[in-house]
Amino acid sequence: MSIFVYPGSFDPVTNGHLDIIDRASKLCDHLIVAVLTNSGKCPVFDREERLSLLQQVMGERENIEIRSFDGLLVHFMEEVGATTIVKGLRAMSDFEYEMQMALINKHLNPAVETLFMMADTQYSFLSSSAVRELARHGGPVEDFVPEGAVEAIRRKFKHKDAGQ
Ligand code: PNS
């Protein structure tokens, strides 16, 4: 059985992530969407919020599972018996960093492959950080994130502003 892992911060999930999840899930028996919880970045959405947003917008999908992980990705891959890391590439600017990650992961575990998928052109400019920026200033996040995530994102930034 082929198990692929699509790792990320998902802070928050965007339409670009969903596109990669959809396409990658057709290339393997089982796809694990793995949410990194201990990144050096300080996420706006906490672990539970990121997991539940993903769960909400994905619904129940037969071969897709959503999990969180801490530490090194290759250790998580070994723990779940996965063979392949799926990454989305939007532009050349993603390439250098992603190549470095892929080579380090390969060094750590030569059996692990990284599969790069080109983001669809309509999402080639889209990132979670752009969505956060839009939401912070009351912009139209609904153009860039799944319908099920819009309210939670708006609410988050309303509360953040109120707390400032
Ligand atoms: O959505 P992001 O923030 O671009 O995702 C980055 C992620 C989670 C894929 C990457 O930071 C990662 O794999 N982190 C786990 C730590 C690790 O294994 N790093 C690679 C070796 S240095």
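**Cysteines, sheet and pocket in a predicted model**

C42 sits out in the open, counting as exposed at 72% relative accessibility, where exposed means over 50% relative accessible area, buried under 20% and partly exposed in between (1.4 Å probe, protein chains only). C28, on the other hand, is buried, with a relative accessible area of 8%. The disulfide count comes to zero, taking a disulfide as a pair of cysteine sulfur atoms within 2.5 Å.

The model is a predicted one, so local features need pLDDT of at least 70 and side-chain atom pairs count only at pLDDT 80 or more, while totals for chains, interfaces and linings use all residues. Residues are numbered from 1 along each chain as its sequence is written, and side-chain values use heavy atoms, with hydrogens and water left out.

On to the fold. The model has an open sheet of five strands in the order β3-β2-β1-β4-β5, with parallel pairing. At the edges stand β3 (64-69) and β5 (113-118), each with a single partner strand, so one side of each has no neighbour in the sheet. On average, neighbouring strands of this sheet are turned by 30° against each other, direction ignored. Strands (E, at least two residues) and helices (H or I, at least four) are DSSP runs numbered from the N terminus, and two strands pair if DSSP finds at least two bridges between them. β4 (residues 84-89) and β5 run parallel and are joined by six bridges; within β5, T114 is the bridge partner of I85. Helix α1 packs on the sheet, touching β1, β2 (30-36), β3, β4 and β5, and its direction makes about 120° with that of β5. Contact here means heavy atoms within 4.5 Å; axes are lines fitted to C-alpha atoms, for helices over the stretch in contact, with angles from 0 to 180 degrees between N-to-C directions.

The loop between β1 (3-8) and α1 (15-25) holds P12, which is joined to D11 by a cis peptide bond with omega of about 5°. F10 is in the loop between β1 and α1 as well. Its phi is near 50°, a positive value in a residue other than glycine, and F10 counts as buried at 2% relative accessibility.

As for the pocket lining, β1, α1, β4, α4 (92-108) and α5 (128-136) each supply at least two residues to the largest pocket. The biggest share comes from α4, with eight residues.
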